[in-house]
Structures are given as C-alpha cells and as structure tokens.
Amino acid sequence: MKIEPMTETRIKGVAASPGIAIGRIKILDKRMISIEHQEISPDEIEQEIERFKKALDDSKKDLTTIRDHTASQMGEEHASIFDALLLMLEDDAIVQQTLESIRHQHSAEFAFFQVTSRLERSFADLDNDYLKSRVADLRDIKQRVLQHLEGSIHQTVQEISEPAIVIAREFTPSDTVYLDRKKILGFASDLGGRTSHAAILARSLQVPAVVSLEQAYQRAKDNQFAIIDGNNGQLVLSPKDSTLKSYERLQAEYLDYTHKLSKIKNLPARTQDGKDIELSANIEFPEEADQLAELGAQGVGLYRTEYLFLTRNELPSEEEQVQEYTRLIKKVGEKPLIIRTVDIGGDKLPDSLRLPHENNPFLGLRGIRLYRKMSHLLKTQVRAILRASAHGSQVRILFPMISDVTEIRECKQMVREAKGELDRQDIPYNRNIPIGAMIEVPSSAITADIIAKECDYLSIGTNDLIQYSLAVDRGNKQVAYLYQTYNPAIIRMIRDIIHKAHTEGVWVGMCGEMASDPLATMVLIGLGLDEFSVSPVSVLLIKELIRRVEYSECLNVVNKVLAMPTAQEIQAYLAQILGKRFQDLLYCQIISKCPE
C-alpha cells in the first residue's frame, strides 16, 4: 500500500484498547460549545426555567433511546453505563444550582454551562484516574443539554459511511456505543483515560483505541493516512513506507497472537505437570465483569470499591452499595469474587469525608487506618457486602493496608457485629464468608504467619509493598529507577509471605501489577503462589504461560533467582528464558515491538 509523501509524526498517548488500526482519518467535528454571559429580565425567568426543564427532558429521551439501543445490541450490562448519565441529569446539585442561577436572571444556557463547568474543573483537578474519566460523562450531558437549548446538532459517528480511523477531541459513551466495527477501524482522542466508559466499550467491541494524546485533534487532517497502535498507546500520522510495512506485519502478528490465545479461554490454568493455579481478574467497576468468560478468568480476584465513594459529594448509603454489589455478584455468577473494602486516603481523597490535610498522606490516614476514625464507614460497607453475599456463594471480603494483627482482629470484630445486627433484623447473608488481608507493607509481610492465623486467605499487593519496602515514591520520576519489581528483597519477601501462610494452612493470592507481568509468572509459580489476579487484558497471556511450563522447572528458576544479587541480573535472566521458551508470544505485552 503506497501512501502520500508527508512528514511522519508520532504522538504518544495512553493505550485504551489493544490492537492495530491502519487507514484514513475521519475527524469527528464536535466543537465544544462556549456560552457567553447573557442576562434575562425578571419577566423571562419562568420561561427560561421551562426551557431548561424541556432541554433536560429531551436529553433524557435521547439517552433512554441510546440506552435501549445498547441493551439490544450489547446487553443490559453495557446499557447500565447510560443509567449513570441519566442520574447525572437528575442530580439535585446540578439541577438546583442551575435553577438558582436562572432565578438570578441568567439565561438557561449560561446557568447550566457555569454549573457543569465548575463541576468539570473540580473532577479534572483531582489526582484520581477514575474521577478524571468521569469528566467525559459529565461533558456528554453538558453538550447534549446545551445542544437542545441552542437547537444545534453536532456530527456523530453514525454519519461515518466508509471505514476510517476516527479522531476527536473526546469520545463520550454516547459516541462509542454507536461504533460500527465495519466502519470504525480505531479511534484516538486528546482527552479520556483507560477507565473511561468510552474506553471500556471500545475494549468490549475490540476496537483499537488511544486516548490522552497531545493535540491529535488539532494536528490530524481529514483523509490523512494514519496508524493507531492500541498496544503501545501511539498514533502515527503520515507513516513512512518502512513504518507502514512494519505495522502491517505487526498487525498480522497481533491477529495471529489473539487467535491463538482465544483457543485456551475455556481451558484450566494448569501447568504441564498438573499444578492448578487460580487465575482471576482485577476490576474497578461492574461493567468489566461482562468480559470474564470471554477472557477465560476464573473469577474476580480484586474488585476495587473506591469509585462508589469518589464520585459523589456524600457517602453511598447501605442500600446503594447492596444494589451495586448484588449487580456485580449476578454478573460473576458462582465464580469467586473478592470485594476489597474501600481503600481511600493517599492519592484518593473523597469530598464526602472532608479529610484533614496531611504532609505525607501515603504514610497517614489511609485504608484500614481510616476505619478507626470513621467506624460507620466500614460498618455500612460490611453490612452491604454481607447482604449482597446472599446472592452468591463465592463472595469474599478483603481488608486493605493491614500493618499488624490487631487491625485484622478489629475488622473481624466489625464483621461479627454486622452479622449480629443482620441476624436480629432477620436479613439473610452468607454466614461463612471468607475474610482476607492485603499484605502490602513490610510489617505485615514479616508477620504474615501471625496475620494468617486470623484469615482465610492473604492477598499480596505488590504495588505498595514495593513502594514501602524500598522507600521509593512510585510516582516520583526522580527516584523511579529505585522502584524495582525484581529487587532481591522483594522476591525474598514474597517467598516468606507464601511460606508463612502455607504453614498456617492459608492460601495466598497476588493482585498487584507483578502478577500481570509475564516476566514474573514462572517465579511466582515456583514460589508457590496459589492465585494470580491480573489486569483483564493479561488473563489469556498469563494462562498460556502457566499452561506451557512445568512446576518443577519453575522451582529451578526460583532457586537461581534467589541466588542473584541484583534486580538487573534477575530481570535479564527472566527475559532470556522468555525469549527462548515463548518466542511466539513475545508480542507487545512482553517486549515492545513498536517500530522506530
């Protein structure tokens, strides 16, 4: 395929949905509406209020139509995304503040624009990926209501008639749900994140996508040739012939790679010599559970509940939590589901708790430590999990940031109190619900045997365990070189945690990023890890690696690794093994093959 002679431009972003798309660009022209200040007379106030209410009603009708389309094409699970948008249109804070502004003689457009823009800025300023991702949902309803007020119509993906790579400033859930896989080769946007609803839908539809690009919307042109690399998070504009040929080869390799892995989705995660490993997925919200069967995951090894607390100005009620957990349990069915109680503090600060400023929040009031200050927070959530557990026999509770045995004992006492209350109220729940502790600080790793005596299982959170053990801020670029997954101290610490837990008859899982890293698979098997809980996109790859190795050879690998003095030597040794044993699997997930 020959392309026009233009200067090749590469724009780095965030990989939102895997795959490679090659083709011509179609710019989705969705200019952000900007509203000038406009005053109205006192006589016009009631009329303006009625205009605003009608725009809300019309927007609700739009979203209900989109929701119904989604339900018929993709199922109720994905349709529930639009329930969240419909709730935004009914949010008292948005509606009442807009009405109040109109009563102060501002036009409906200006009042609604100001209210939603303030909320948009407050979300975008937060240091939390999930909340930043919700900005797209807010902009979706903002644009929709303003369009109805102004009587304007913007271009939509439904109008695209020929196969193209679609580029926009931002893709909302309403855009993504109408993606036609035959016409939309892939999409790229300046805004958005991996956890946005648009990104989730793109992964479900298997449409390659890259988000958070640097002014791609401004730099790209209609009909320009481009490549979307959804594996490495890159957009290539006007690729050179050599780049194009390399990516065409990679595209073929990727399709072959995914086809091979799809064949094992219903097979067990079992080594060649018969050792079974439980392989689960980490998820952040219920919609992600819809892909478990397609991915071949045996369950959910970590369900993060923080989004319930971070997306609102008040704490979620017990009933709201029961509904959300029950919805997830029904999606997961009889597969294991580990629900982690809310882990907030540090970089996750909800407005609803009004937490005091801390000079070092990562070593302060976060995770389990917050429960001592706000016991009602844990009690309400534990009651909700227990009540929801009546709908599934495999629900497990996981408590985060445990630093010593007294903390897990306090959590267990809270569970006993909640059970007693539910018994007196004659409310059903799973009486034998397993309780686990996250091992993610050095003190709990060293005393894992003591903590294991109080638990049904342990789950290693390597992200924080590495950070706290090596005294390195994982988000600080100045010391990023010290954040070493394969530091001998970390390998030995994991070995000791597993050994101590097994001595007490307790199984051990891992839900940190290390479990998703193919370099670590043989080491973790050899160390005796019972359960891997990995990112959804990694499930099939890790399963294939497990199925190709023998437990006995993993033990040999561990013995050699434990004798090595540096992280660099360990990592090089493991990379060498992978290069020899799994050459056909060394796609972008293991070794970046992004053409230079």
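**Exercise 1. Describe the packing of helix α14 against helix α15 in this predicted model.**

Step 1: geometry. α14 (residues 375-388) packs on α15 (residues 405-424) at about 60°, and their axes are 9 Å apart. Axes are lines fitted to C-alpha atoms over the stretch in contact, with angles from 0 to 180 degrees between N-to-C directions. Helices here are DSSP runs (H or I, at least four residues), strands likewise (E, at least two), numbered from the N terminus.

Step 2: class of angle. α14 is therefore oblique to α15. The scheme: under 35 degrees is roughly parallel, over 145 roughly antiparallel, 65 to 115 roughly perpendicular, the rest oblique.

Step 3: hand. The crossing of α14 past α15 is right-handed. Right-handed means that the near helix is turned clockwise from the far one by less than a right angle; anticlockwise gives left-handed.

Step 4: contacts (heavy atoms within 4.5 Å). α14 contributes residues including Leu 378, Val 382 and Leu 386. Among their partners in α15 are Met 414, Val 415 and Leu 422. By class, this contact has 8 nonpolar, 1 polar and 6 charged residues. Nonpolar covers Ala, Val, Leu, Ile, Met, Phe, Trp, Tyr, Cys and Pro; charged covers Asp, Glu, Lys and Arg; the others, Gly among them, are polar.

Residues are numbered from 1 along each chain as its sequence is written. Local features need pLDDT of at least 70, side-chain atom pairs count only at pLDDT 80 or more, totals for chains, interfaces and linings use all residues, and side-chain values use heavy atoms, without hydrogens and water.

**Exercise 2. Characterise the contact of α9 with α21.**

Step 1: geometry. α9 (residues 241-262) and α21 (residues 539-548) pack at about 65°, axes 10 Å apart. The pair is therefore roughly perpendicular.

Step 2: hand. This crossing is left-handed.

Step 3: contacts. Tyr 257, Leu 261 and Ser 262 of α9 meet Leu 540, Leu 541 and Glu 544 of α21. The contact has 4 nonpolar, 1 polar and 1 charged residues.

**Exercise 3. Locate the lining of the second largest cavity.**

Step 1: count. There are 3 cavities of 30 Å³ or more. A cavity is a set of points on a 1 Å grid over the protein atoms alone, where a 1.4 Å probe fits but cannot get out; lining residues have an atom within 4 Å of a point.

Step 2: volume. Grid points are joined across faces, edges and corners, and the volume is the space filled by probe spheres set on them.

Step 3: lining. Phe 171, Phe 187, Leu 191 and Val 211 are among the lining residues, as is Glu 170. β5 (184-189) and α7 (197-205) each give two or more residues. The lining has 7 nonpolar, 3 polar and 1 charged residues.

Methods. 1 Å grid on protein atoms, 1.4 Å probe; cavity = no way out; pocket = protein on both sides within 12 Å on 5 of 7 lines; lining within 4 Å.
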